[in-house]
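Please look over the structure shown here with its sequence. The briefing that follows takes its local surroundings and its strands and helices in turn.

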Amino acid sequence: MIQYYLDLEKQVKNIKEKSLVHGQIQKIYSTAYFISISIRTPGKTWHLYFGRGGGYEGIWLSELPPGAQLRRKDAFLEYLRSHLCSCTFLGLTIDETDRIVALHYQKFGKNNCFFWFWRGRKLYFLHHYLDRHDGPFKLLESWREKSIPSTEQSASDLFQCFNEIGRKRHMAHDLYSLDRPIEKILEDELKTCSINKNARPHFLERKKANIEDDLRKARQWEKLQSILEKNVPLEDLYELHVEDQRIKFEGSLNSYERRNLLFQKIKKLKRGESILNARLSSLEEEIQGKSHLRPSIHDIPIIKPAWGVEKTLKVEQSLKENDEYRVFLFDRFKIGVGTSAQGNDQLRSKWASREDQWIHLDGLKSAHGVLKINQGILTPEILDLGASIVAHFSHFLGDWIPIIYTQVKNVKGVTGAQGMVTFKKEKHLRCFRVQLDDLLKE
């Protein structure tokens with residue numbers, strides 16, 4: 001559904017008549033085709049829908065948010081949430097000549113602007129904003145990928161920034177499109193999705209994997225038991241380390257006290273094994289029951305804005321650093337991936353820096369990946385490419401790749417266990433698979 005200039009002008013006028021000014025921007029949702037921004041006014045909540053491009057271009061107003069089945073997440077949504085949520089909506093203005101709409105909002109007592117420009121079936125955006133109360137304004141042009149310091153400017157001046165990517169300054173406006181309500185368009189999007197009635201809830205599968213991993217660790221009591229049965233000397237040990245299990249012998253403990261600590265650990269693991277077996281059995285019954293009751297949607301590709309590395313995904317070269325990990329070079333970033341458990345550790349400890357992004361498949365065994373940004377910001381396209389490389393080396397075949405990612409400084413290796421790590425402050429995301437045939441040629 002494409003809105004021409006006169007359609008946009010009509011929508012902006014209609015939205016002004018609804019008196020949304022000074023309403024609070026609350027929740028922001030996304031579907032594969034739209035961004036939905038909810039604005040709370042006295043006694044009512046409105047939802048502004050912005051097309052993501054690719055044939056869904058324009059603005060719609062509705063009293064309803066997108067249905068839960070349609071909601072999707074990507075980096076563009078997270079960016080909007082981080083900057084616009086909890087701010088005051090100040091209104092919309094449209095460019096005098098082209099399909100560019102400015103969303104004005106108040107943050108830190110100042111007028112911030114987010115511009116939407118639909119051109120050539122793509123969505124370009126510009127963001128003029130404050131990210132802290134005492135800081136300067138910043139300007140992010142999606143086609144340049146990096147924000148730069150700016151000054152307080154009017155929307156009319158900022159519209160001119162789009163001149164370099166094809167803004168029309170002399171345009172005849174005589175076209176209207178078919179007027180369809182957003183509710184009907186969302187129904188069409190839902191019909192586009194195919195329902196898989198035998199799909200299992202993803203969170204239950206992830207829960208099962210976690211229980212099975214805990215159960216594996218609990219069953220290590222057998223190896224600890226063999227140490228007791230063989231009367232292995234414990235007097236000279238400060239710490240006993242068997243796979244994932246560690247027992248510290250602090251202080252001046254005699255041999256009987258040390259053996260008792262080991263016995264208590266075995267007893268605890270046995271009890272844990274019994275509890276985990278019961279949980280696993282119950283969960284498998286729940287999965288079996290819900291696999292026929294709860295449908296899930298096969299996701300359709302998210303339409304992404306023209307952002308950052310649209311022209312930089314062409315590979316310059318791929319290098320084989322050694323037998324343990326590989327590095328792929330691009331115009332403004334690098335992607336490293338481990339090819340073995342030892343290579344995963346080498347990648348993180350020798351090649352990566354603390355500020356790089358670490359990637360792993362969410363809830364699955366996988367190779368480790370590291371994104372090293374030389375220039376610009378971390379964009380959805382870079383994440384998609386990094387996730388696709390990690391999925392390839394992990395033999396994951398799905399078109400949509402569930403990942404976790406965090407900075408390398410939040411990842412710590414596990415002593416004595418190659419390739420195993422602990423991590424924190426991770427983010428969860430599903431990425432679209434990128435074709436890697438040309439990239440992976442030796």
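**Briefing on a predicted model**

I266 touches W221, L224, Q225 and L228, when residues up to four places away in sequence are not counted. The model is a predicted one, and the points below are grouped by topic.

**Helix α7 around I266**

- I266 is a residue of helix α7, which covers residues 255–290, and at a relative accessibility of 2% I266 counts as buried.
- Although I266 and Q225 are 41 residues apart along the chain, their C-alpha atoms are separated by 6.8 Å.

**Nonpolar cores**

- The largest nonpolar core holds 36 residues, of which I37, I59, L92, L103 and W116 touch the most other members.
- Apart from that core lies another, of 23 residues, which includes I335, L371, I403 and L429.
- With residues up to four places away in sequence left out, W116 touches I35, I37, F50, F76, L80, R99, I100, V101, L103, L123 and Y124.

**Helix α1 and the residues beside it**

- Helix α1 (residues 5–17) has 13 residues and reaches 19 Å from its first C-alpha to its last, which is close to the 18 Å expected at 1.5 Å a residue.
- The buried residues in α1 are Y5, L6, D7, L8, Q11, V12 and I15, and what covers them includes β3 (44–51), β4 (59–62), β5 (88–94), β6 and β7.
- An α-helix has 3.6 residues a turn, so residues three or four places apart point the same way.
- In the segment before α1 is Q3, which is buried with a relative accessible area of 3%.
- Not counting residues up to four places away in sequence, Q3 touches L8, Q11, E57, G58, I59, W60, R99 and S177.
- Just after α1, S19 takes a positive phi of about 55 degrees.

**S38 in strand β2**

- S38 has its place in strand β2 (residues 34–41) and is buried, with a relative accessible area of 3%.
- A polar atom of the S38 side chain lies 2.8 Å from the backbone nitrogen of K27.
- Leaving aside neighbours within four places in sequence, S38 is in contact with Q24, I25, Q26, K27, T45, W46 and H47.

**Helix α8**

- In helix α8, which spans residues 341–351, the residues G343, N344, D345, Q346, L347, R348 and W351 are buried.
- Among the elements that cover these buried residues of α8 are the strands β16 (325–329), β17 (333–338), β19 (369–373), β21 (411–413) and β22 (421–423).

Note on methods:
Residues numbered from 1 in each chain as written. Predicted model: local features only at pLDDT ≥ 70, side-chain atom pairs only at ≥ 80, totals over all residues. Heavy atoms only, no water. Buried < 20%, exposed > 50% of the residue type's maximum accessible area, 1.4 Å probe, protein only. Helix = DSSP H or I, 4+ residues; strand = E, 2+ residues; numbered from the N terminus. Contact = heavy atoms within 4.5 Å. Expected span 1.5 Å × (residues − 1). Core = buried A, V, L, I, M, F, W, Y, C linked by side-chain atoms within 4.5 Å. Polar contact = N/O pair within 3.5 Å; in protein donor to acceptor, adjacent residues only side chain to side chain.
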